[in-house]
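Please look at the sequence and the 3D structure before reading on.

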Amino acid sequence: MSQLTGVERGRYVRAMFTRIAGRYDVMNRLMTFGQDGGWRRRVIQLAQLPPHGLALDLGAGTGDLALEARRQQPGVRVVAGDFTPAMLRVGQQRAGGGAVRWAGTDALNLPFPDQTFDAVVSGYLMRNVGDLPRAWAEQWRVLKPGGRVVCLDTTPPPANWLRPFIQFHLRAVIPALGRLVAGDGAAYTYLPDSTEGFLAAEALAERMRAAGFQAVRFERLMLGTMAIHAGQRPVEPEARL
């Protein structure tokens, strides 16, 4: 299903996350061997949120990044936006969920005014959007000048001697876990398909630069299968490409 684009891709992704919402967090911990919590901490560190700033956790799911932002900066205000209501409902019930504003949002048409947020962060969003340039453009639009964008996502595994083992984990282990734990092997077949069909880390960084972000950098994680990308909206509007 990773070949779907546009509206069809959005419908498929929403239906998939609706089915697995209740087991989403457990599956993330299992698939990453518990490492995803540390990666999310790093995302928030790179966002450099001011003490009383306003952040958007886009494609928030159950709010891992929103809650992490509140842990690191208790005075920060956070909006957790996602287009799957079932995921938001799970997040609202989590410890600390009452301190977060939960909002139904489409990453391609954000319902926020220009220059609203000090940072926009996302986890496992960008490979799922139907129009990547538009998604970056919307994040640019709602960021304040000088604001930071940080995203965590999967990236195609590197072509080295580890690749066969990584592909076995993606194509055999993860779908099996999905069937056993989440009761949905199809959703966790989509994960490796969408990972291998997504942009390499270098190419995603170039897309960010093309959208106008500066100081773009990325860090590879988990044997090169994950990456955190960070960039900044320039202070001067005319600096945009």
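Contact here means heavy atoms within 4.5 Å. Helices (H or I, at least four residues) and strands (E, at least two) are DSSP runs, numbered from the N terminus. The model is predicted, so local features need pLDDT of at least 70 and side-chain atom pairs count only at pLDDT 80 or more, while totals for chains, interfaces and linings use all residues. Residues are numbered from 1 along each chain as its sequence is written, and side-chain values use heavy atoms, with hydrogens and water left out.

- An open sheet of 7 strands is present, with mixed pairing and the order 3-2-1-4-5-7-6; two strands pair if DSSP finds at least two bridges between them.
- Strand 3 (101-104) and strand 6 (214-221) are the edge strands, each pairing on one side only.
- From one strand to the next, the twist averages 15 degrees.
- Strand 1 and strand 2 are parallel and share 5 bridges; Asp 57 has Ala 80 of strand 2 as its bridge partner.
- Strand 4 (residues 117-123) and strand 5 (residues 143-154) also run parallel, joined by 6 bridges, and Val 121 has Val 150 of strand 5 as its bridge partner.

- Angles run from 0 to 180 degrees between N-to-C directions, and axes are lines fitted to C-alpha atoms, for helices over the stretch in contact.
- Helix 5 (residues 85-92) lies across strand 2 and strand 3, and runs at about 170 degrees to strand 3.
- Which residues of helix 9 (residues 201-210) are buried? They are Ala 201, Leu 204, Ala 205 and Met 208.
- These residues lie on the same side of helix 9 because they cover an arc of only 105 degrees around the axis; the arc is that of the directions from the helix axis to the C-beta atoms.
- The buried residues of helix 9 pack against helix 6 (132-142), strand 5, strand 6 and strand 7 (226-232).

**Helix 2 against helix 7**

- The axes of helix 2 (residues 24-31) and helix 7 (residues 163-182) come within 11 Å and cross at roughly 145 degrees.
- Val 26, Met 27, Leu 30 and Met 31 of helix 2 meet His 169, Ile 174, Leu 177, Gly 178, Val 181 and Ala 182 of helix 7.
- This contact has 8 nonpolar residues, 2 polar and no charged; Ala, Val, Leu, Ile, Met, Phe, Trp, Tyr, Cys and Pro count as nonpolar, Asp, Glu, Lys and Arg as charged, and the others, Gly among them, as polar.

**Positive phi**

- Most residues other than glycine have a negative phi.
- Gln 48, not a glycine, has a positive phi of about 50 degrees, and is placed in the loop between helix 3 (36-47) and strand 1.
- Gln 115, also not a glycine, has a positive phi of about 55 degrees and is found in the loop between strand 3 and strand 4.
- Gln 115 counts as partly exposed because its relative accessibility is 40%.
- Gly 212, which follows helix 9, has a positive phi near 110 degrees.

Methods:
Buried means under 20% relative accessible area, exposed over 50%, partly exposed in between (1.4 Å probe, protein chains only).
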